[in-house]
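Me: I'm new to reading protein structures. Can you walk me through one?

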Amino acid sequence: SRDRGFRGRAEIQASLGLPTLALVPELPAGRKATAPQDYVIEKPRSRYAEALREILAAVMLEPGEGQKGRVVLLTSVLPEEGKSTLTLSLSRLAAAEGMRVLALDVDLRHPSLHRLAGLPPGPGVVELLRGDTPPEDAIRTDPRTDLRILASSGRLSQPTRLLTADRLGRVLDLARERFDLVLVDAAPLAAVADARLLAPLADGTVLVVRWAHTRRRACGYAVAELGTAGAT
């Protein structure tokens, strides 16, 4: 097959009919390499940070519901596309630039935000959605910035019933009142239906696609599914 994924803005526009918010550069790999979510704080003038600013500018362009904070969902077609790393990097950059930001991990089968941020496991989004923990105990502060994180440390095999409009939707409405930007890390589209359920609850959805890796046809299906679900 010649379908080896996307390698540029024009290809994405032609194939998916969607704008490219940014082409995020790869960072040096290796044992001593800085993780992207730390690199963005240590090198705020890097190409990586500038690409994230492009995304930030695009998602903040339109005001949220009634001028409240914006809720933006991040998802990908497949696992391992860099979605959670991007969510935390973007959240940290926005927080470092003075915005009130909440990063929320609703990839409940494979949660990773707490680990990427260097937070120990603890009560978070699951306990909040179940009504077992109040928000002030579930929301924690990022060790490196003023970012607030609502993480999920325990895996759930059947999380869908928690991700409904009356449960998660209520939490997002409260978050809109307190924060300028709420970034929601959702499960990949090819794995489960969660992102399709969540898309209508958000003001916008960002689809993270790995360079020259994720097949174009798979991306096309994902975009069509998100459109059917009512995603922006």
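**The nonpolar cores**

Me: Which residues touch the most other members in the largest nonpolar core?

Reply: This is a predicted model. The largest nonpolar core has 38 residues, and Leu104, Val106, Leu150, Leu168 and Val182 touch the most other members.

Me: Which elements give two or more residues to this core?

Reply: Among the helices, they are H1 (9-16), H6 (125-130), H8 (168-178), H9 (194-198) and H10 (216-229). The strands are S1 (70-76), S2 (101-105) and S5 (181-185).

Me: Why would such residues sit together?

Reply: In soluble globular proteins, nonpolar side chains tend to be buried together.

Me: Pick Val182. What does valine 182 touch?

Reply: Leaving out residues up to four places away in sequence, valine 182 touches Arg70, Val71, Val72, Leu102, Leu104, Leu172 and Ala175.

Me: New topic. How many aromatic pairs does the structure hold?

Reply: It holds one. The partners are tyrosine 39 and tyrosine 48. Their ring centres are 6.3 Å apart and their planes stand at 75°, so the pair is edge-to-face.

Me: Let's do pockets. How much space lies in the second largest pocket?

Reply: About 250 Å³.

Me: Which residues lie nearest its centre?

Reply: Leu128, Pro135, Arg170, Val171 and Leu174 do. The whole lining of the second largest pocket has 14 residues.

Me: Which elements give two or more residues to that lining?

Reply: H6 and H8. H8 gives the most, with five residues.

Me: How do the lining residues divide into nonpolar, polar and charged?

Reply: Ten are nonpolar, one is polar and three are charged.

Me: Tell me about arginine 140. Where does it lie?

Reply: Arginine 140 lies in strand S3, residues 140-141.

Me: Is arginine 140 buried or exposed?

Reply: Arginine 140 is buried, because its relative accessible area is 17% and buried means under 20%.

Me: What does arginine 140 touch?

Reply: Not counting residues up to four places away in sequence, it touches His114, Leu119, Pro120, Pro121, Gly122, Pro123, Leu147, Arg148, Ile149 and Ala151.

Me: His114 is in that list. Where is histidine 114 found?

Reply: Histidine 114 is found in helix H5, residues 113-117. Histidine 114 is buried, with a relative accessible area of 10%. Its contacts include Arg140, Ala151, Ser152 and Ser153, not counting residues up to four places away in sequence.

Me: Ile149 is in the list too. Where is the place of isoleucine 149?

Reply: Isoleucine 149 is in strand S4, residues 148-150. Isoleucine 149 is buried, at a relative accessible area of 1%. Beyond residues up to four places away in sequence, isoleucine 149 touches partners including Leu88, Leu102, Ala138 and Arg140.

Me: How far apart in space are isoleucine 149 and valine 125?

Reply: They are 9.5 Å apart, C-alpha to C-alpha. In sequence, isoleucine 149 and valine 125 are 24 residues apart.

**Positive phi**

Me: Last topic, backbone angles. What is the phi of glutamate 80?

Reply: Glutamate 80 has a positive phi of about 65°, although it is not a glycine.

Me: Where does glutamate 80 lie?

Reply: In the loop between S1 and helix H4 (83-96). Glutamate 80 is exposed, with a relative accessible area of 70%.

Me: And what is the phi of alanine 212?

Reply: Alanine 212 has a positive phi of about 50°, and it is not a glycine either. Alanine 212 is found in the loop between strand S6 (204-208) and H10. Its relative accessibility is 23%, so alanine 212 counts as partly exposed.

Me: H10 again. Which helix does glycine 220 lie in?

Reply: Glycine 220 lies in helix H10. Glycine 220 is partly exposed, with a relative accessible area of 28%.

Notes: Residues numbered from 1 in each chain as written. Predicted model: local features only at pLDDT ≥ 70, side-chain atom pairs only at ≥ 80, totals over all residues. Heavy atoms only, no water. Phe/Tyr/Trp six-rings, centres within 6.5 Å; stacked < 30°, edge-to-face > 60°. Core = buried A, V, L, I, M, F, W, Y, C linked by side-chain atoms within 4.5 Å. Buried < 20%, exposed > 50% of the residue type's maximum accessible area, 1.4 Å probe, protein only. Helix = DSSP H or I, 4+ residues; strand = E, 2+ residues; numbered from the N terminus. Contact = heavy atoms within 4.5 Å. 1 Å grid on protein atoms, 1.4 Å probe; cavity = no way out; pocket = protein on both sides within 12 Å on 5 of 7 lines; lining within 4 Å. Points joined across faces, edges and corners; volume = space filled by probe spheres on them. Nonpolar A, V, L, I, M, F, W, Y, C, P; charged D, E, K, R; others polar.
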